[in-house]
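This briefing concerns the packing and the open spaces of one model. Please look over the sequence and the structure before reading on.

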Amino acid sequence: MEQLSLFDAPAVSMPLAGRLRPETLEEFAGQEHLLGKGKLLRQMIDQDQIASMIFWGPPGVGKTTLANIIAKKTHASFINFSAVTSGIKEIKEVMAQAENSRLLGQKTVLFVDEIHRFNKAQQDAFLPYVEKGSILLIGATTENPSFEINAALLSRCRVFVLQALSTDDLVSLLQNAIHSPKGYGNTEIGITDELLGAIAVFANGDARSALNTLEMAITNGVVSPGKITVTREVLEQCISKKSLLYDKNGEEHYNLISALHKSMRNTDPDAAMYWLSRMLEAGEDPLYVARRLIRFASEDVGMADSQALTVAVSAYQACHFIGMPECNVNLAHAVVYLSMAPKSNALYTGYEECRLDAKRMVAQPVPLNLRNAPTQLMAELHYGEGYQYAHDTAEKVARMQCLPDSLKDKEYYRPGVQGAEAAVKEKLEKVKRFKQ
């Protein structure tokens with residue numbers, strides 16, 4: 001057997017993702033919350049009642065494709081505009097063209113890809129034309145429009161949030177690529193469901209990434225008479241991973257995050273870094289790992305070292321700013337810090353106990369001394385009576401009950417003696433003695 005090289009691959013006019021780009025809503029994958037039967041966006045498209053809108057979502061979920069489908073269904077002129085290659089001059093030219101069309105009774109839909117790349121002045125150039133209806137603006141962005149798009153322009157657009165495709169959506173997309181005449185329907189492709197699932201997990205919700213990975217794997221697949229086979233080894237080479245560690249059902253995913261969590265809890269930075277690297281090198285989303293570290297910082301470190309939460313949040317921000325692979329060292333920094341930090345689960349156990357009481361005793365009234373009395377009637381009903389302002393005392397602590405009577409003297413937070421929490425424990429004991 002031999003491997004099929006890029007030069008031996010059957011000639012195609014465009015990449016697989018381009019050949020399989022949906023042309024109708026029926027072919028469009030995912031986004032049922034927007035395009036399902038009876039949903040607002042679906043009705044707007046079907047009835048050709050398009051308004052100015054922003055598509056916000058991660059890469060590869062169909063923002064541009066959806067705009068192209070709208071272009072085919074609308075009776076308006078459709079102009080495709082890129083924020084990457086266009087400036088003020090091009091904007092003004094397009095706006096003049098759209099204004100002329102409006103005077104002739106013709107609507108213009110302007111699609112702006114990566115609209116977040118436009119600066120304030122460029123975005124402002126659209127505003128008067130959106131206001132008077134010369135254009136219906138459709139912007140696509142991967143960034144939060146609340147921060148990246150001018151408030152005046154954003155207020156005139158409806159925001160639709162597109163979600164990352166599920167693993168099942170991506171597997172269906174890959175299976176369609178193998179069987180569709182637009183894809184590899186005329187060639188027998190040998191690839192297991194396990195490997196299709198691995199590609200889907202690796203793509204992390206991005207249809208374009210999934211199709212590109214499949215195309216690369218098939219292009220470099222093992223050729224036998226009348227068939228191309230994608231092996232695990234070929235796929236591993238295509239995604240530059242030493243091993244595909246996450247199965248389709250995600251069991252290994254949870255095993256690894258459990259191993260990371262428990263290694264940090266046991267103050268084992270070597271094991272913690274190993275499990276971190278296993279996750280990242282298998283294609284795990286670094287933001288997922290960072291979110292788990294933020295939880296760990298309060299659950300397992302807590303008041304023993306409150307700086308741990310700051311470190312974990314900073315690691316999340318670093319991952320968001322620079323992404324993989326550069327953020328791997330930021331996560332390693334946080335993992336080692338959390339591993340070596342003094343440990344306390346007092347916040348976790350205290351809240352869990354409090355949560356059960358809160359659910360069981362949901363109707364417990366707020367003590368009168370803790371209630372505000374903004375009206376005369378409330379004052380007559382003794383709201384606020386007996387309240388003591390802690391700042392007026394020399395100790396900055398008032399001898400006042402704050403729990404409901406049924407929970408009087410109940411203790412939820414029981415600090416340990418590790419790290420900074422030892423000082424917290426000493427202070428709390430002193431406060432309780434004073435109140436008694």
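Which residues lie nearest the centre of the largest pocket? They are Pro58, Pro59, Asn204, Asp285 and Leu287, out of 30 lining residues. This is a predicted model, in which local features need pLDDT of at least 70 and side-chain atom pairs count only at pLDDT 80 or more, whereas totals for chains, interfaces and linings use all residues. Residues are numbered from 1 along each chain as its sequence is written, and side-chain values use heavy atoms, with hydrogens and water left out.

**Pockets**

- A pocket is an open set of points, on a 1 Å grid over the protein atoms alone, where a 1.4 Å probe fits and with protein on both sides within 12 Å along at least five of seven lines; lining residues have an atom within 4 Å of a point.
- The largest pocket has a volume of about 1100 Å³, and its lining comprises 15 nonpolar, nine polar and six charged residues.
- The second largest pocket holds about 560 Å³, and its lining divides into seven nonpolar, two polar and seven charged residues.
- Among the 16 residues lining the second largest pocket, Met400, Gln401, Cys402, Asp409 and Lys435 are the closest to its centre.

**Nonpolar cores**

- A nonpolar core is a set of buried Ala, Val, Leu, Ile, Met, Phe, Trp, Tyr and Cys residues joined through side-chain atoms within 4.5 Å, where buried means under 20% relative accessible area (1.4 Å probe, protein chains only).
- The largest nonpolar core has 55 residues, of which Leu41, Phe55, Leu66, Ile191 and Leu214 touch the most other members.
- Apart from that core lies another, of 28 residues, including Leu260 and Ala312.

Notes. Buried means under 20% relative accessible area, exposed over 50%, partly exposed in between (1.4 Å probe, protein chains only). Grid points are joined across faces, edges and corners, and a volume is the space filled by probe spheres set on the points. Ala, Val, Leu, Ile, Met, Phe, Trp, Tyr, Cys and Pro count as nonpolar, Asp, Glu, Lys and Arg as charged, and the others, Gly among them, as polar.
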